[in-house]
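These notes follow a reading of the model, and they are set out as numbered points. Please keep the sequence and the structure in view while working through them.

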Amino acid sequence: MQIAIIGSGISGLSFYLWLHRLNLTTTHSVKIYEARPTTTTSSPTKLTDLQTSNASLIGGALGFSPVGLRVLRRLDPELEEEVLKTGHWMGRWRMSNARGWVLDAKSQLWQRHRDWKNNTVRRIMEDVEIDNVYPTFTTPDLPTWERGGCVLVGDAAHALQPSSGQGASMALEDCEILAMLLAEYQAQGRDGWQTATKLYSDMRIPRLRWIRKEAQKRGAMKHDMGVVQEMVMYFFIWISVKIGLFTKYDRELSEYDVPNEARKAVARHSRGVTSTKR
Ligand SMILES: Cc1cc2nc3c(=O)[nH]c(=O)nc-3n(C[C@H](O)[C@H](O)[C@H](O)COP(=O)(O)OP(=O)(O)OC[C@H]3O[C@@H](n4cnc5c(N)ncnc54)[C@H](O)[C@@H]3O)c2cc1C
């Protein structure tokens, strides 16, 4: 079987690593196609270099939630260690309101990056004004994520609102589940691959629709709040984190056990039960 991975974002690369981990790269040919140039220059000298290496130079502001980090650990503990080593641990987070008021963002920026000696980076930090939040877009509900051997994962299937903080973690979940199912059914040839991709789509669509709806509700709630209401909300978030009080959303999000859910889907399929309802 030939597997073409389109895009080398978190989804494309982690899916490749999962295929490798589950020994599917020894029996199948896998190729990654990326539209953007993929140089690995770490000290860019030309503007064109910056188009691909600026994220590694400055650092991508991506927050992994616990569920995503657990996928990384299962995939490769060294990879997880690298991510944690170069990143910042966030026991709590700061948010912006509908008026663009970002709590303390500038001082956090200084705290994290004060050791930079590079003049350009220092100028950016000195001059930056945070007074707006740009519009964001999400993917509409798609009727299916698979057809005729083509499967959507990550943002291609379900771009969430960035404020949900779950896009990368959900992409990682997708890739682990899809790779596990492909490994499970690969011996059955083409039919097996179809079963795997159908099961993947049936499992993931309800979870992602629910997460998107919940994230939208939370985002919309913030937009209509006055300052006092907002402070009360932050207080409750703070106290919930302090005393370990989690909402149903938090629990379902973080307690989702990817390998176990994949095994349950396989068991359901062998019993002839096809759909997974929330
Ligand atoms: C402002 C912002 C903040 C965010 N913050 C967070 C956060 O804190 N936590 C979190 O979990 N998520 C966050 N996200 C979401 C997260 O970045 C995405 O969910 C995640 O990066 C999706 O990865 P992906 O690999 O699916 O897609 P992408 O990263 O979009 O990768 C797709 C790749 O495919 C390539 N490509 C596209 N078309 C083609 C083609 N035709 N042929 C070949 N290659 C192609 C693209 O060049 C790209 O490299 C944020 C997103 C935004 C915009």
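Predicted model: local features only at pLDDT ≥ 70, side-chain atom pairs only at ≥ 80, totals over all residues.

1. Ser-8 sits in the loop that links β1 and α1. Leaving aside residues up to four places away in sequence, Ser-8 touches Leu-13, Ile-32, Glu-34 and Thr-38. Ser-8 and Ala-35 are 27 residues apart along the chain, yet 8.7 Å separates their C-alpha atoms.

2. Strand β1 (residues 2–6) runs parallel to β2, and five bridges join the two. Within this pair, Ile-3 stands opposite Val-30 of β2. Strand β2 (residues 29–33) is hardly covered, for the count of buried residues among its five residues is zero.

3. Most residues other than glycine have a negative phi. Asn-23, however, has a positive phi, near 65°. The residue belongs to the loop between α1 and α2 (24–27). Asn-23 counts as exposed because it has 11 C-beta neighbours inside 10 Å.

4. The surroundings of the ligand form the next topic. The ligand is surrounded by 23 residues, and the closest are Gly-7, Gly-9, Gly-154, Gly-167 and Ala-168. Two or more residues of this shell come from each of α1 (10–21), α8 (155–158) and α9 (167–185). Which element gives the most to the shell? It is α9, with four residues. By type, the shell divides into nine nonpolar, 11 polar and three charged residues.

5. For Val-153, the partners beyond four places in sequence are Ser-11, Phe-15, Ala-171, Asp-174, Cys-175 and Leu-178.

6. Is Trp-110 buried or exposed? Trp-110 counts as exposed, because 11 C-beta neighbours lie inside 10 Å. Trp-110 is part of helix α6 (residues 105–113). Between Trp-110 and Met-125 there are 15 residues of separation in sequence and 7.1 Å in space, taken from C-alpha to C-alpha.

7. The protein chain has 13 helices and four strands. Of its 278 residues, 20% are buried. Among contacts with a separation of 6 or more, 64% join residues 24 or more positions apart.

8. The mean pLDDT of the protein chain is 80, and 75% of its residues reach 70 or more. Over residues 49–60 the pLDDT is below 50, and this stretch has 16 contacts in the model beyond near neighbours in sequence. Residues 93–98 likewise stay under 50 in pLDDT, and the model gives them 12 contacts beyond four places in sequence.

How values were computed
Residues numbered from 1 in each chain as written. Near = placed C-beta within 6 Å. Nonpolar A, V, L, I, M, F, W, Y, C, P; charged D, E, K, R; others polar. pLDDT = per-residue confidence, 0-100. Contact = placed C-beta atoms within 7 Å. Buried ≥ 20, exposed ≤ 12 C-beta atoms within 10 Å, placed from the backbone. Pairing = 2+ DSSP bridges.
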